[in-house]
Each structure stands twice: as structure tokens, then as C-alpha cells.
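The report below moves from a single side chain to its helical surroundings and then to the chain as a whole. Please keep the model open while reading.

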Amino acid sequence: MSTSQDKPQLIIDGKRLDGRGPGDMRRISIEANVLKNAAGSAYIEWGNNKILAAVYGPREALPKHTSDPEKAVIKCRYQMAPFSSLEDHGRTGPNRRSTEISKVIREVFENVVIREQFPGSEISIFIEVLQADGGTRAAGVTVAAVALATSGIPMIDIPYGVSVGKIGDQIVIDLNKIEDNYSDADVPIAIGARDGKILLLQMDGDMTNAEIAKGIRMAQEAGSVISKLQTDALRGPYLKISEKYDADDPSVPK
Ligand code: CDP
């Protein structure tokens, strides 16, 4: 979001700078189970974003004072790699932004993981942004949800994330970095795919109630596509196995 006078024109003749219409998403691909040593993992490419998520646990919550005798605690670390953008992310530890994003993503998963099944334990979610181009917290939620699902940790829902925003008088979906920086509003959202509950909603800039409602509707529509990509990624390895055990394959015992 910017109030500067010299902001670039982000929509020309109805098209965004990368050629998308207001309701068009960037290309997304998700792969599950990409790391051998984590309990669960996934990798997402979402436009130019490249993000890896890994899950550890449930394991004993340490230090002890962080544990909850009633349920598992979720710990989340979102971090941008030093080389992930033109800005330097290498010299310092957590900053205000990464602390905030880690917190809001943790809250998403606190609301979907069935934590009561693992009292006294912790579930750690690591989100490593390897390349960033706007919308990394939404893509981070989407990929972390797949990583959690691959770990077998029970959840009541598989959330997805996506951002919506306002450019001039247009409501647009899935803002990239330049749009995020110069839009009139940027609203990252996370939604439970099954129950439709809004699990994260932040807003930078101004939108009217009607504009926010329209943005949420656009996010929900995009959500059906994102959710399918998540479940396809989860089914992926099993689909490959079943293809391998083709009935015509002579190596398969009858
Ligand atoms: O990534 P997301 O849209 O969730 O968060 P943001 O704070 O609105 O940042 C928008 C984009 O600006 C990021 O995705 C990065 O591409 C870039 N950015 C960056 O490279 N370094 C920062 N310290 C902050 C933002």
C-alpha cells in the first residue's frame, strides 16, 4: 500500500501489469512430502513465490513453561531467506514483520489442529520463503496446511490462504509484490476449506464493507481451486503408486 504520488498505473485497459484480469490468480503448484527428515512437508510455487514448509511433532513442548497440560501448543516460524527478495533478509534474526506473520499463521492452525489429542506437546511449523513476490503469508498458510496434513496431525479442516485488494475502484485477487506495494488496499485472508470459517483477515489500506464482502467472495471462489490443488498434492504420491500397480503390469502379483 502506498500513498505516494508517483505510484505506477497497475491496471491498463482492464489488464494488470502481468496480464491478469482482476479476478485471475497466478499459477500455483504444490508438492507434498518433499523433505525426508520432517514429520510433514510441502513446497509451493505460487507465481514467483517459492515457499517450503516443514512440520515437526507432536513432541514434548520445550521449554517446559511453553507447554499446555490440556492441549498441544503450536509454534510457527515464518522466515524469508536472505536471497528471497531485493531487500536484505540475512543479517538480522526475526523482525517485526516476520514475528507478526508467524503469529497470525500460528493462530490459523491453532483453530484447525485437534490439539486436545496431544496435551503437553508442541507442533512446530517452519515456513521458509525462498523467493518472495507478494502474498507470502497466504501462500505460507496454504503450503503449511499441506505439510501438516502429510504429517498425519489431525485437523478439523485444511485451510487455504489468498489475498484480495483494491486497485483504484477495482477489487482484485492475488496481489503480487508491486500490486501489494502500490495498491489502495491489500487484504490477506485464510479460510477453512470445509467449514468456510475465516481464520485470518488483515487489512492494509481502506475498503468499504461492500468491497470487503466482494473480496471475500472472490477469495472463496479462488479457494475451491486452491483447495483442490492442496488435496491433489496430498493424493499425488498415492496416485503415483496406484498408477504403478497397473493391472497390465506383469510385475504386479495377481
Ligand atoms: O508477503 P505478504 O504479502 O504476505 O506480506 P507483505 O508484508 O505485504 O509483503 C509483500 C511483499 O513485499 C512480500 O511478499 C515480499 O515480496 C516483499 N517484502 C520483502 O521482500 N521484504 C520485506 N521486508 C517486506 C516485504
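## Surroundings of Gln230

Leaving aside residues up to four places away in sequence, Gln230 touches Ile30, Thr142, Ala145, Val146, Ile158, Pro159 and Tyr160, where a contact means heavy atoms within 4.5 Å. Gln230 has its place in helix H4, residues 209–244, and it is buried, with a relative accessible area of 1%; buried stands for under 20% relative accessible area, exposed for over 50%, and partly exposed for what lies in between, with a 1.4 Å probe and protein chains only.

## Basis of the values

This is a predicted model, in which local features need pLDDT of at least 70 and side-chain atom pairs count only at pLDDT 80 or more, while totals for chains, interfaces and linings use all residues. Residues are numbered from 1 along each chain as its sequence is written, and side-chain values use heavy atoms, with hydrogens and water left out.

The buried residues of H1 are Ser98, Ile101, Ser102, Val104, Ile105, Val108 and Phe109, and their cover includes strands E6 (73–80), E7 (121–131), E8 (159–167), E10 (185–192) and E11 (198–201), together with helix H2 (136–151). As background, residues three or four places apart in an α-helix point the same way because there are 3.6 residues a turn.

In H2, 15 of the 16 residues are buried, so this helix is largely enclosed by the rest of the structure. From first to last C-alpha H2 reaches 22 Å, close to the 22 Å expected at 1.5 Å a residue, and just after H2 Gly152 takes a positive phi of about 85°.

## The chain as a whole

The chain contains four helices and twelve strands, these being DSSP runs numbered from the N terminus (helices H or I, at least four residues; strands E, at least two). Its radius of gyration is 19 Å, close to the 18 Å that the globule rule gives for 254 residues, so the chain is as compact as a globular protein of that length; the radius is taken over C-alpha atoms, and the rule is 2.2 Å times the number of residues to the power 0.38.

Buried residues make up 46% of the 254 residues. Among contacts between residues at least 6 apart in sequence, 67% join residues at least 24 apart.

Note on methods: The expected span of a helix is 1.5 Å times one less than its number of residues.
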